[in-house]
Structure formats: C-alpha cells, structure tokens
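Here is a short briefing on a surface patch and an aromatic cluster. Look over the sequence and the model first.

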Amino acid sequence: MSKLLDYIRLSFFAAGLLLGVQIPAFVSDYGHALQAHFVEANNALAPFRKDAKNYFNNDLNKLIAHYENIGDDVVGKGAIHIKTLYDRQQSLQAAVNNFNQSPYLYTLTSGFSSIKKQVWQRFEGQIVLKKDSIIAALSSAIIIAIFAEFFGFITLFIIKRGYYRLFIAGK
C-alpha cells in the first residue's frame, strides 16, 4: 500500500510539472494576443487620427465632438463608433503597458476575458525550457503534490474515523 501511495504522489508531482511548464507559454501567447489586438485597434483608428491631425490639432476628442454636433443622425452614430474604437485602443494600450511590467500577475488578473478565452481555445501545449518554465513547473508541481498529500491525509483520516465509529466503537 505504501508503494502505491508513493506512485500516486509521484504522479501528482509529474502532472504538476507538466502543467507548470505550460504557464509561461500561455502567458507569452496572451501577451502576443494583447499586442495583436492593440495593433488592430490602432489600425482601425488611424484614419480618424489622420483627420484629427489635419483639422483638430491631433485632438481626437474634438473630432468626435464635431461629429456629434453636426446634427446628422448617421454622422452622430459614427461619432459613437469612433469613441468606442478610441476607448478600446486606450484600454488595450494600458493592458499592454501593464502586461510588460508584470506579465504573470497581469495575465492572472486581467479583465480581458475574451482575449484569454481566445488564447486558451487556440493554445497548444508547448515545452520551452527556460528559467521561467522551470520555476513555474517546480512551483506548481510542489503545490499540487502538497495539495494532493493534504487531501489524501484528510480522506484517510475521515475513512479511519468512520471505520472506528462503525465497527470498533459499536462493540
């Protein structure tokens, strides 16, 4: 029985290693996706920035206000769309900056769940043995092994206690 438990512990440790070595690859893919969305937002906003540069001294907010004040419903709706593009570009700029400062923490706490979901759906397991990968792999392996050991200890304790109550205490 002792050998079996040792193999189970080793299996949890190995699973933790395999899981942990994927973390830096996912973080890297997430960073690339953020950057790609940011570039796309900049490209979508570029024609309006050009108009703002030519007519409103580079002030995109003045261009949006001008569109809103024209009085045409279609142009007014266009102002809303430009504002939406501008807000998205600004939030992506902040996200890219925050990601560059602390990639792991930002990936964990980021509010861009749609981008995370998109990355996760296309993520393929990678084993890139860099310092970050090794540290993440060992850390997650130890945490998972400790959790499994603790869960196993609690489970055995409950089973032994129930066995004692049912069979030994009843005599």
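Which helix gives the largest share of the nonpolar patch? Helix α7 (residues 131–168) does, with four residues. The model is predicted: local features need pLDDT of at least 70, side-chain atom pairs count only at pLDDT 80 or more, and totals for chains, interfaces and linings use all residues. Residues are numbered from 1 along each chain as its sequence is written, and side-chain values use heavy atoms, with hydrogens and water left out.

**Nonpolar patch**
- L18, I127, L129, I134, L138, I142 and I146 make a nonpolar surface patch of about 710 Å².
- Patch residues have over 30% relative accessible area and no salt bridge, and nonpolar side chains are joined within 5 Å.
- I134 is found in helix α7.
- I134 counts as partly exposed because its relative accessibility is 42% (buried is under 20%, exposed over 50%, partly exposed in between; 1.4 Å probe, protein chains only).

**Aromatic cluster**
- The structure holds five aromatic pairs (ring centres within 6.5 Å; planes under 30 degrees apart are stacked, over 60 edge-to-face, the rest tilted).
- F26 and F123 are edge-to-face, because their ring centres are 5.7 Å apart and their planes at 80°.
- F26 lies in helix α2 (residues 23–55) and F123 in the loop between α6 (113–122) and α7, so this pair ties together parts 97 residues apart in sequence.
- W120 and F123 are stacked, at 6.1 Å centre to centre and 10° between the planes.
- F26, W120 and F123 form one aromatic cluster.

**Burial in the cluster**
- F26 counts as buried at 16% relative accessibility.
- F123 counts as buried at 16%.
- W120 counts as exposed at 58%.

Note on methods: Patch = residues over 30% accessible without salt bridge, like charges linked within 9 Å, V, L, I, M, F, W, Y side chains within 5 Å. Areas by Shrake-Rupley, 256 points an atom, 1.4 Å probe, with all protein chains shown as cover. Salt bridge = Lys/Arg side-chain N within 4 Å of Asp/Glu carboxyl O. Helix = DSSP H or I, 4+ residues; strand = E, 2+ residues; numbered from the N terminus. Phe/Tyr/Trp six-rings, centres within 6.5 Å; stacked < 30°, edge-to-face > 60°.
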